[in-house]
Amino acid sequence: MKSIVILCLGLCLLLTGCPSGETKYPMPDDKGKMVLRVLNGAEAATLDPIKREGTPGTSMLSNIFEGLVRVNNKTGGYLPGVAERWEISEDGTTYTFFLRKDAKWSDGKPVTANDFLSTYRRAVDPITQSRNASLYFVIKNARAVLKNEKKTEELGVFVVDDYTLKIELESPTGYFMSLLSLVPFYATPKHVIDKHGNAWTELENIVSNGPFKVVLRRRNDRTEVVKNENYWGKDEVKLDKIIFFTTDNGETRLRMFRANAADYHVTGLASSAYPGIKNNPEWVMAPYLGIYYYIFNTKEAPFDNAKVRKAISMAIDREILAEVLSIGYIPAKFIVPPRTAGYKTAASLEENVEKAKQLLKEAGYGEGGKKFPTMTILYNTNENHQKVAIVVSDMLKRNLGIDVKIENAEWKTYLDRRRHGDYQVARAGWIGDYNDADSFLELMYSESENNDTFWKHKKYDELFLKSRKISTPEKRLAVMQEAEKIALDEMPIMPIYFYVADTLVKPYVKNFYPSNKKDVEQGFYDLQARAVFRDAYIDMEEKKKYFGVK
Amino acid sequence: MFVYFCKRILGMIPVLLVIITVTFFLMRFAPGGPFSSEKKLSAEIKKNLEKKYHMDKPLVVQYFYYLGMILQGDLGPSMKYENKTVVGIIKEKFAVSLRIGFMAMFIALLLGTTIGFFAALNQNSFIDYTCMSFAILGISVPNLVLGPILAVTFGLWLGWLPVAGWGELKHYILPVITLSCYYIAIIARIARGSMLEVIRQDYIKTARSKGLSDWTIITRHAMKGALLPIVSYVGPASAFIITGSIVVEQIFGIPGVGREFVMGAIDRDYTMVMGTVILVSILVMTFNLFVDIAYGFIDPRIKLHEEK
């Protein structure tokens with residue numbers, strides 16, 4: 001009965017409006033400590049950097065561990081991490097890193113070149129079953145080691161002395177520094193792994209070398225990390241503690257943020273956040289290294305014909321699509337996202353309904369030809385994907401008279417159908433693994449495991465492989481641009497829009513990029529949206545004011 | 001009594017076997033697998049992962065291997081979370097769901113029966129209609145709607161309670177209310193119906209004609225009989241309520257076992273799904289057994305053992 005009364009009360013309040021004001025939420029009592037509360041999405045499957053998966057794992061691990069280099073969130077360059085300085089050989093295939101002597105694990109033991117050697121060997125060892133192993137393929141012999149064709153000792157990573165590490169690459173890799181700044185290339189503690197094996201990531205065993213160390217891990221609830229007093233740069237670390245809440249429900253995350261139960265909301269806002277969000281000063285939207293696109297099954301008619309694929313792409317108005325979603329997505333007229341490091345696109349796709357009709361006619365459909373068969377768009381069940389599919393199907397019907405069926409499937413079923421070519425046109429999304437055009441151009445390479453279009457183009461493959469062997473950035477850029485142009489001309493995948501990374505940040509969180517709209521305007525953000533709180537702090541006075549505490 | 005108990009326990013085994021078999025094969029026939037992801041795995045890695053979880057063997061072999069494991073009390077490792085066994089995860093999460101579920105059921109029983117009996121004893125009055133209108137509301141408003149309404153009202157607008165989270169006593173209030181509302185309503189309806197039936201029985205008339213007070217008639221004679229249908233509903237319902245609710249757990253960010261169940265199915269974490277299905281089945285069967293035993297105590301007409 002009581003709960004029913006309460007329920008009625010709630011309903012009445014819903015209808016009549018409610019009191020407002022910031023002060024109704026008590027400020028958490030952190031006993032004078034600087035505590036940052038982060039709404040971090042789904043649970044991370046593991047705390048082993050080399051096995052990390054997904055954004056939530058990345059944001060935790062970026063704060064717990066450290067690699068040879070760090071990414072400069074403000075300017076995008078690389079800062080010294082465990083390595084104080086580094087040298088790159090003239091041919092671009094050998095990297096030598098000089099490690100700082102004051103880098104320590106959270107148990108006080110020194111971080112040495114041996115830790116990196118064993119980490120990298122472990123990462124490519126098939127026994128480890130790391131899902132990130134393919135990122136290492138640029139290192140000499142990594143692929144062969146993974147395939148059991150060579151021993152792990154033959155991997156191109158060498159310890160010169162305790163504080164000097166040499167890495168040999170298969171070919172000059174323009175984006176190797178970008179790779180090294182990724183979580184799977186961070187150091188893991190050899191002495192702990194030798195002792196505990198796979199269980200080294202358990203709370204009672206884990207030892208880390210980053211600005212923070214893990215002190216509490218309650219699965220599906222929270223992970224707490226505190227300042228690591230053994231970290232070499234501890235003087236720059238201001239936060240005493242970070243609480244990463246595991247909240248896989250977007251609406252719950254939003255409510256927690258609005259009720260001031262958290263200071264930072266990682267990228268991935270629930271759709272109910274968007275109405276009116278543009279005026280919210282706590283909403284920070286930055287460009288992101290990701291693209292939303294449709295793939296064509298190029299094995300089967302009618303999509304085995306490039307003219308058909310192009311016609312479909314030309315008949316779509318991407319500006320309207322981006323507007324329909326109203327999230328601030330950028331219409332994509334090319335494949336490699338804007339601002340990707342060292343890349344500038346040289347081609348652009350065309351939107352032209354008349355030309356689309358002409359192309360379709362040339363392919364033998366439409367007036368005077370056969371009727372275009374009903375096509376099906378497959379997407380994984382999701383509100384946004386559904387919206388896009390509906391708008392696209394409407395545009396195709398109106399502009400080209402094509403009947404489109406849209407079909408949703410549960411995530412794993414959808415993946416399975418894509419892999420087996422059991423689709424005509426399917427929705428797809430790709431977030432670059434590393435900040436380089438290579439990560440996107442690989443999607444169309446015929447040998448790529450992630451090419452579900454079955455498209456095979458000799459010239460494209462040649463150019464793609466060539467780009468991986470060139471050390472001069474300008475020459476490499478030209479080759480990659482040419483490859484992208486071919487892909488846009490043949491259209492095995494149809495770009496729709498570029499993702500953005502939007503987060504919610506309380507105004508009192510400082511020295512973290514991007515923490516407000518101004519940072520984004522000035523270009524101070526990480527294209528990979530890694531939430532690194534190493535240098536962040538909380539303006540306690542401003543926080544008190546925010547909560548209305550005198 | 002003891003013989004009856006043993007018989008029932010033995011009877012559970014074939015039922016459980018059927019459930020395990022059906023779930024095992026249904027799960028495996030669903031498209032995709034635990035290791036399929038947007039970014040494809042290298043063939044070598046996939047092979048090793050499959051080997052680790054014995055998925056490289058024929059399905060029937062895997063099935064018998066799994067049965068063998070269960071006999072040893074092992075539900076296998078989770079395929080998603082490294083180093084975690086299904087038994088470990090269930091132990092950790094079940095404690096949370098059990099606490100919330102128990103509280104919700106306790107409140108539901110207390111309020112549900114009170115409202116129901118109260119309505120029955122004032123049949124066709126204003127009180128009766130009000131109680132039953134709220135009961136209909138309670139049944140028809142799903143958790144999915146009620147949870148967010150409560151969270152927005154008491155968490156966001158009034159700021160009295162946390163919108164989500166886990167760890168302190170105040171975190172229990174909203175989820176327990178959300179979870180119990182439906183059960184309060186159902187129990188109230190059952191209680192009202194059964195009480196109405198009981199008070200028309202001859203033995204109540206007899207008691208009345210003997211000049212017993214209303215209070216004595218209700219508490220000593222009518223209540224016992226009216227409780228029977230409630231007990232038979234509450235038994236299996238308890239099994240479901242304490243194994244957690246994905247909706248309530250997600251809305252309020254509670255680390256319970258219901259989330260593991262549903263997320264396990266989405267992730268195709270085969271062992272996790274099997275583990276939770278087995279848990280729910282055992283609980284449902286056990287609670288049914290409890291109900292039958294409880295019947296013997298409440299209803300003198302039912303005997304669980306043969307008279308000597």
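Into which domains is chain B divided? Chain B is divided into domain 1, residues 20–71, and domain 2, residues 93–307, where the bounds come from an automatic or database domain assignment. The views below show a predicted model, in which local features need pLDDT of at least 70 and side-chain atom pairs count only at pLDDT 80 or more, while totals for chains, interfaces and linings use all residues. Residues are numbered from 1 along each chain as its sequence is written, and chains are lettered from A and ligands numbered from 1 in the order in which they are written.

**View 1. The two domains of chain B.** The centres of domain 1 of chain B and domain 2 of chain B, taken over C-alpha atoms, are separated by 38 Å. Eight residues from domain 1 of chain B and eight residues from domain 2 of chain B take part in the contact, two residues being in contact if their C-beta atoms, placed from the backbone, lie within 7 Å. The side of domain 1 of chain B that touches domain 2 of chain B has five nonpolar, three polar and no charged residues; here Ala, Val, Leu, Ile, Met, Phe, Trp, Tyr, Cys and Pro count as nonpolar, Asp, Glu, Lys and Arg as charged, and the others, Gly among them, as polar.

**View 2. The helices of chain B.** Chain B has twelve helices and zero strands, where helices (H or I, at least four residues) and strands (E, at least two) are DSSP runs numbered from the N terminus. The C-alpha atoms of chain B fill a box of roughly 85 × 65 × 30 Å along the principal axes. Of the 308 residues of chain B, 39% count as buried; a residue is buried if 20 or more other C-beta atoms lie within 10 Å of its own, exposed if 12 or fewer, and partly exposed in between, with C-beta atoms placed from the backbone. An unreviewed UniProt entry places the feature "domain: ABC transmembrane type-1" at residues 94–291 of chain B, and such annotations, given in the numbering used here with shortened feature names, may be inferred rather than shown by experiment. Over residues 94–291 of chain B, the chain is 82% helix and 0% strand, and the end C-alpha atoms are 22 Å apart.

**View 3. Residue B:A95.** B:A95 has its place in helix α4 of chain B, and it counts as exposed because it has 12 C-beta neighbours inside 10 Å. Although B:A95 and B:P255 are 160 residues apart in sequence, their C-alpha atoms are 9.8 Å apart in space.

**View 4. Where chain B touches chain A.** In this view, 48 residues of chain B are in contact with 52 residues of chain A. The elements of chain B that give two or more residues to this side include α2 (43–52), α4 (86–121) and α7 (170–198), while the largest share, ten residues, comes from α6(B). By class, the side of chain B that touches chain A has 26 nonpolar, 13 polar and nine charged residues.

**View 5. The two domains of chain A.** The domain assignment of chain A gives domain 1, made of 2–12 + 288–499, and domain 2, made of 66–190. Their C-alpha centres lie 34 Å apart, and 13 residues of domain 1 of chain A are in contact with eleven residues of domain 2 of chain A. On the side of domain 1 of chain A that touches domain 2 of chain A, there are four nonpolar, three polar and six charged residues.

**View 6. Strand β16 of chain A and its partners.** Strand β16 (residues 425–431) of chain A is largely enclosed by the rest of the structure, because five of its seven residues are buried. Strand β12 (residues 283–296) of chain A pairs with β16(A) in the antiparallel sense over seven bridges, and two strands pair if DSSP finds at least two bridges between them. A:F296 stands opposite A:V425 in β16(A). Strand β14 (residues 375–380) of chain A pairs with β16(A) in the parallel sense over two bridges, and A:V425 in β16(A) is the bridge partner of A:I377.

**View 7. Helix α10 of chain A.** The buried residues of helix α10 (residues 353–362) of chain A are A:A356, A:L359 and A:L360. They cover an arc of only 100° around the axis, so they lie on the same side of α10(A); the arc is that of the directions from the helix axis to the C-beta atoms. These buried residues of α10(A) pack against α8 (306–314) and α11 (383–400) of chain A.
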